[in-house]
Amino acid sequence: MIRAALCAILALVLGGGRGALSAQDNTAELLDRAAKYHADLDVERELVLLRQVISPSSPFVVTHDQRVQAYKYLGAALVVLGKTDSGIVYLRAALERDPFVDLEPQTFTPAELAAFWQAKRLTFGLGVRPIPFDTIDPRTERVHFTVMSTHATTLLVEVRAAGAPAGVMLFRGENDGPRELQWNGVMPDGRLAAAGRYELLLIGNSLLTPRADSTRLYFRIQQNHPPLEDTLPALGPRDLLPEQHPPSAARAKLAKGLGVGAAALLISQVLANSELEGGGGKLAAGVAVTASAAGVLAFVHGRRHRQIPANVTANAQRHTARAGANAAIVQRNRERLEAAHLVIAPAAGVGP
């Protein structure tokens with residue numbers, strides 16, 4: 001019984017200890033405690049926690065932002081201990097990972113701020129803040145970007161369709177620190193940005209060191225506008241009147257003329273009598289010649305003049321009506337597109 005009781009007590013103690021560890025010993029908790037130690041100038045205990053955070057053997061997940069914070073406080077703590085050079089190394093590590101990192105004057109001492117300023121002079125990097133999901137009216141609103149250079153640089157900032165060789169220039173000149181930029185959503189051709197993937201490209205050359213840097217922020221654009229109308233399809237054979245007589249029409253007229261002539265001769269022979277001999281034969285022959293000649297003339301005219309003017313005019317009117325209707329549809333669609341709102345959304349992918 002004594003052994004069982006001891007085992008139960010031991011299990012309770014170990015279980016409670018594990019619960020306390022899981023509740024307290026995670027990266028966020030370690031960083032919070034380190035910041036409190038820093039405020040109390042208890043840098044020795046602070047360093048223990050920060051080195052645990054950045055250690056490759058740390059049992060806890062460390063995010064990018066948490067690692068930046070750890071380097072920032074570690075550098076500042078070393079400056080407090082008089083190890084300024086080592087502190088600058090860690091401050092530079094924080095800046096290399098996030099050019100937007102900063103030391104708040106109300107929290108850090110003048111010595112720490114001076115070391116951080118030196119770290120910024122030695123470290124060149126460009127950064128851009130992620131943009132949130134947003135919807136803007138390009139006529140009255142703008143897409144806002146915040147870009148950053150750790151120190152003085154010549155800076156070029158462009159918005160491009162992803163993979164395009166050029167785009168809209170938002171800024172070109174010297175820059176030092178953060179800068180707010182705006183874009184109205186219009187591309188170089190004067191049209192509103194079409195739906196697709198875009199990038200904000202930053203290219204800079206340091207004015208203090210022989211270094212250059214570049215970075216990109218990707219985002220997606222969708223246009224929110226009323227539904228567009230489809231233009232009318234091209235007129236097909238079923239929509240148009242025939243504009244020419246078929247070749248068979250001329251042949252039919254020739255056959256008709258020859259047929260009438262042949263019929264006239266045949267009738268004159270069948271119905272011939274003594275009283276009609278002579279004059280009747282001549283009359284039938286005249287009819288036959290006239291009918292045959294008329295058929296030949298109709299055939300020649302039909303072959304040379306196959307066009308049907310009335311149908312040509314009617315078809316031209318139908319084409320004109322279709323073109324006018326499509327022009328009106330195109331204009332209405334253009335007006336709807338010009339009235340579109342832009343839906344901006346972050347997209348995966350960052351880097352040089």
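Leu201 has Arg216 of strand S6 as its bridge partner. Strand S5 (residues 196-206) and S6 (residues 212-224) run antiparallel and share 10 bridges, with 5 residues between them in a hairpin. Strands here are DSSP E runs of at least two residues and helices are H or I runs of at least four, numbered from the N terminus; two strands pair if DSSP finds at least two bridges between them.

A quick note on the model: it's predicted, so local features need pLDDT of at least 70 and side-chain atom pairs pLDDT 80 or more, while totals for chains, interfaces and linings use all residues. Residues are numbered from 1 along each chain as its sequence is written, and side-chain values use heavy atoms, leaving out hydrogens and water.

Now the cores, meaning sets of buried Ala, Val, Leu, Ile, Met, Phe, Trp, Tyr and Cys residues joined through side-chain atoms within 4.5 Å. Buried is under 20% relative accessible area, exposed over 50%, partly exposed in between (1.4 Å probe, protein chains only). In the largest nonpolar core, with 31 residues, Leu50, Val53, Ala70, Val101 and Phe116 touch the most other members.

H4 gives the largest share, 9 residues. Apart from this core lies another, of 26 residues, including Tyr198 and Leu342.

H4 is mostly covered, with 12 of its 17 residues buried, and those buried residues pack against H2, H3, H5 and H6. Gly82 follows H4 and has a positive phi, near 90 degrees.

Technical notes: Contact means heavy atoms within 4.5 Å.
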